[in-house]
Amino acid sequence: MLTDTSLREIKKARTKIALYEASLSLMEDKMFHEVMVEDICRKAEVSRVTFFKFYPKKEDVLVYFMRVWLTGRIIEIERDHRRGFASIRYLLQKVAEQSHHMPGILPSLISFLAEMKMHPHLQELSQAEIKLLFPGNEEIGSATPDLYRFFLRSMNEAQEEGTLRQDVSAEDAVKILFTIFYGSYLTAQQYASADVIGFYEIHLRLLEHSSEE
C-alpha cells in the first residue's frame with residue numbers, strides 16, 4: 001500500500017521510474033550511448049530539466065538499472081530459497097535472458113564500468129520507489145544490493161555444501177565469479193553465439209567440486 005507515502009513522493013517516484021522504463025525500451029535494439037536524452041524525455045513525456053533532476057548524468061540510468069535489476073533477482077532467489085551455486089546459476093540465467101531481450105544492456109554496462117575503473121555505488125531508493133518497484137517485498141527492496149556480498153555469501157554456502165572446489169577459497173571464487181559474470185558474456189559475443197548461458201556454464205564447472213573427484 002502507498003497510503004503512508006505522500007502523493008508528492010509517489011508522483012516523483014513514478015516520474016523517475018517512467019524515465020528509467022523509457023530508457024530501457026529504447027535500448028531494445030541499440031547500445032546505451034546511442035540512446036539520446038531527448039528521445040527518453042519524449043517517450044516518458046517529460047522535459048530535459050526533469051530528466052536531469054532525477055538522473056544528473058545520463059549514465060546514472062545504467063546504475064539505476066543495476067540497482068533495480070539486481071534487487072529483483074535477489075528477491076526471487078530469497079523467495080525460492082536458492083543457495084550456493086543454485087543462486088549463481090539463477091542469476092546468470094537471468095543475465096542471459098536479459099541480454100536476449102536487450103542485447104545492448106550488458107555491453108553498455110561493461111563499457112561504463114571500464115570507464116569508471118570501479119564498480120559504482122548503487123543508489124538508495126525512496127520509500128515510494130521501493131513500494132512501486134517491489135510491492136510486497138519492501139524489506140529486501142530497501143536494502144541496497146551488493147554483488148560482491150551476494151557472490152561471497154553464495155560461495156560460503158557452496159563451501160558448506162561441499163560443492164566448491166577444495167583448492168579454491170570463497171574469496172578467490174568471488175574474483176572468478178566477477179570474471180565469469182562479465183567475461184563469459186564477451187566471450188560468447190566473440191564467438192557470435194547466442195548461447196550465453198552455455199558459456200557461463202563452462203566456466204562455472206571449473207569452480208565446482210565434482211562428485212567423481
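## Basis of the description

The expected span of a helix is 1.5 Å times one less than its number of residues. Helices are DSSP runs of H or I of at least four residues, numbered from the N terminus. The structure is a predicted model, in which local features need pLDDT of at least 70 and side-chain atom pairs count only at pLDDT 80 or more, while totals for chains, interfaces and linings use all residues. Residues are numbered from 1 along each chain as its sequence is written, and side-chain values use heavy atoms, with hydrogens and water left out.

## Helix 4

Helix 4 has 20 residues. From its first C-alpha to its last, helix 4 reaches 29 Å, close to the 28 Å expected at 1.5 Å a residue. Most of helix 4 is covered, with 18 of its 20 residues buried. Here, buried means under 20% relative accessible area, exposed means over 50%, and partly exposed lies in between, with a 1.4 Å probe and protein chains only.

Asp60 belongs to helix 4 and is buried, with a relative accessible area of 15%. Neighbours within four places in sequence aside, Asp60 is in contact (heavy atoms within 4.5 Å) with Tyr55 and Gln123. Just after helix 4, His81 takes a positive phi of about 55°.

## Helix 1 and its cover

Helix 1 spans residues 7-26 and has 20 residues. The distance from its first C-alpha to its last is 28 Å, close to the 28 Å expected at 1.5 Å a residue. The buried residues of helix 1 are Ile10, Ala13, Lys16, Ile17, Leu19, Tyr20, Ala22, Ser23 and Leu24. Their cover includes helix 2 (37-44), helix 3 (48-54), helix 4 (60-79), helix 6 (105-116) and helix 7 (127-133).

Ile40 lies in helix 2 and counts as buried at 0% relative accessibility. Residues up to four places away in sequence not counted, Ile40 touches Leu19, Ala22, Ser23, Leu26, Val35 and Phe51. Ile40 and Arg14 are 26 residues apart in sequence, and their C-alpha atoms are 15 Å apart in space.

Phe51 lies in helix 3 and is buried, with a relative accessible area of 0%. Beyond residues up to four places away in sequence, Phe51 touches Leu19, Val37, Ile40, Cys41, Lys58 and Val61. The C-alpha atoms of Phe51 and Leu26 are separated by 15 Å, and these residues are 25 residues apart along the chain.

## Salt bridges

Side chains of opposite charge can pair when their charged atoms come close. The structure holds 21 salt bridges, a salt bridge being a side-chain nitrogen of Lys or Arg within 4 Å of a carboxyl oxygen of Asp or Glu. One of them joins the side chains of Glu129 and Lys16, at 3.4 Å from N to O. Glu129 lies in helix 7 and Lys16 in helix 1, so the pair ties together parts that are 113 residues apart in sequence. Glu129 counts as buried at 6% relative accessibility, and Lys16 counts as buried at 9%.

Arg165 forms a salt bridge with Asp167, with the closest N and O atoms 3.2 Å apart. Arg165 is partly exposed, with a relative accessible area of 25%, whereas Asp167 is exposed, with a relative accessible area of 60%. In the salt bridge of Arg205 with Glu201, the closest N and O atoms are 4.0 Å apart. Arg205 is partly exposed at a relative accessible area of 48%, and Glu201 is partly exposed at 22%. A network of salt bridges links Glu78, Arg83, Arg153, Glu157, Glu160 and Glu161.

## The second largest pocket

On a 1 Å grid over the protein atoms alone, a pocket is an open set of points where a 1.4 Å probe fits, with protein on both sides within 12 Å along at least five of seven lines; lining residues have an atom within 4 Å of a point. The second largest pocket has a volume of about 210 Å³, a volume being the space filled by probe spheres set on the points, which are joined across faces, edges and corners.

The lining consists of Thr71, Ile74, Glu78, Ile140, Ala143, Thr144, Pro145, Asp146, Arg149, Phe150 and Arg153. Helix 4 and helix 9 (147-161) each supply at least two residues of this lining. By class, the lining divides into 5 nonpolar, 2 polar and 4 charged residues. Ala, Val, Leu, Ile, Met, Phe, Trp, Tyr, Cys and Pro count as nonpolar, Asp, Glu, Lys and Arg as charged, and the others, Gly among them, as polar.
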